[in-house]
Amino acid sequence: MCELGSGSVSLVSMAKRTLGTAGVRTVCFSYLFIHYALLVAYVARSSEILTNSLGIPLLESATLFSLAFGGLCYFGSQRVIGAVNGFLVFSIIASFTVLVVVASGNIQWSSLLETNFAAAPQSIPIIALSFVYQNVVPVLCTNLEGDLSKVRKAIVLGTAIPLALFLVWDAVILGTIPGFAESGTITDPLQQLRSSNGTVGPIVEAFSFLAIGTSYIGFVLGLTDFIADLLKLPSGQNKPLTYLVTLFPPLVLSLLDPEIFFKALDFAGTYGVLVLFGVFPAAMSWSERYSNDLEAPISPIVPGGKLTLSFVMGGALLVIFSEVFKDIMCSYKD
């Protein structure tokens with residue numbers, strides 16, 4: 001921040017400093033890939049919910065969702081968007097609480113002792129995707145004026161709270177659906193929960209739709225800003241083009257393959273998140289600490305040296321290449 005003389009530092013500027021032009025291009029591609037993949041997943045899932053609830057065709061439900069939430073981002077002021085997003089978050093918390101209370105009444109505690117370690121590696125991309133917040137860390141550092149103690153506290157607490165909610169949710173799923181942990185097939189846990197307890201169906205649909213809605217808003221705003229900056233569009237003249245480029249492709253792709261929800265999540269977690277937030281941060285940190293090309297390498301402010309950074313990069317690459325191998329083998333068999 002001091003070197004650039006700016007109050008904010010982006011992933012692109014960090015990559016440019018530490019990894020050069022090739023690093024910047026890969027970061028840009030990964031960023032776009034993650035956002036488009038997730039927007040496709042959000043439109044696909046939300047349109048499915050609207051179709052089941054309102055009885056309208058997928059084309060109409062997907063278009064309705066995209067226009068409603070995309071229109072909010074396009075026409076709404078920052079204050080209006082913040083108010084709507086705040087209402088959605090409050091509704092998510094309320095529906096999550098009700099869902100856990102209702103569903104937990106059927107928990108079989110013995111089911112929580114069941115294990116299936118063979119299935120664990122398949123969850124890594126989704127786990128990585130579930131804890132993606134690294135793209136807002138530069139903004140966080142700016143807002144907290146570079147106070148290291150406050151930044152650490154925000155990151156630790158910001159990770160711990162969702163982790164606790166995920167553990168509660170996993171306990172409800174694994175404890176409510178007998179034999180779910182031992183199943184060798186990949187299924188939708190929400191669908192399983194709906195079929196095992198008819199009461200939770202509407203709550204699950206409401207919770208899912210609200211969660212998708214607030215995530216969709218954040219990704220649309222982030223991607224439109226990124227595209228405007230990438231294309232160097234003049235301020236105030238970029239809205240129509242950037243929103244068209246942001247909203248239209250996910251809408252079309254979700255309609256071409258209505259079952260794309262899990263595929264998009266898996267691809268985003270494996271090939272987007274693990275590259276952008278697994279390989280690249282470790283590579284940038286390595287360059288900052290040990291490169292002789294930088295004029296003023298910074299001192300480490302978090303523990304761990306070359307061994308830790310190698311473990312992070314190696315672990316991310318291992319998952320990526322294992323998924324590539326699996327996809328190639330599946331395509332070969334087909």
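**Surface, fold and salt bridges**

Modeller: The protein chain exposes about 18900 Å², and carbon and sulfur atoms supply 68% of that area; accessible areas come from the Shrake-Rupley method with a 1.4 Å probe, and for residues only the protein chains shown count as cover. This is a predicted model, in which local features need pLDDT of at least 70, side-chain atom pairs count only at pLDDT 80 or more, and totals for chains, interfaces and linings use all residues. Residues are numbered from 1 along each chain as its sequence is written, and side-chain values use heavy atoms, with hydrogens and water left out.

Biologist: Which residue forms a salt bridge with Arg17?

Modeller: A salt bridge is a side-chain nitrogen of Lys or Arg within 4 Å of a carboxyl oxygen of Asp or Glu. For Arg17 the closest N and O atoms are 2.4 Å apart, and the partner is Glu288. The pair links helix 1 (residues 11-54) to helix 10 (residues 261-290), and the residue in helix 10 is Glu288.

Biologist: Is Arg45 buried or exposed?

Modeller: Buried means under 20% relative accessible area, exposed over 50%, and partly exposed in between (1.4 Å probe, protein chains only). Arg45 has 4% relative accessibility, so Arg45 counts as buried.

Biologist: Which residues does the network of salt bridges join?

Modeller: Arg45 forms a salt bridge with Glu48 at 3.3 Å between the closest N and O atoms. Arg45 also forms a salt bridge with Glu205, at 3.7 Å between the closest N and O atoms. Through shared partners, one network joins Arg45, Glu48 and Glu205.

Conventions:
Helices (H or I, at least four residues) and strands (E, at least two) are DSSP runs, numbered from the N terminus.
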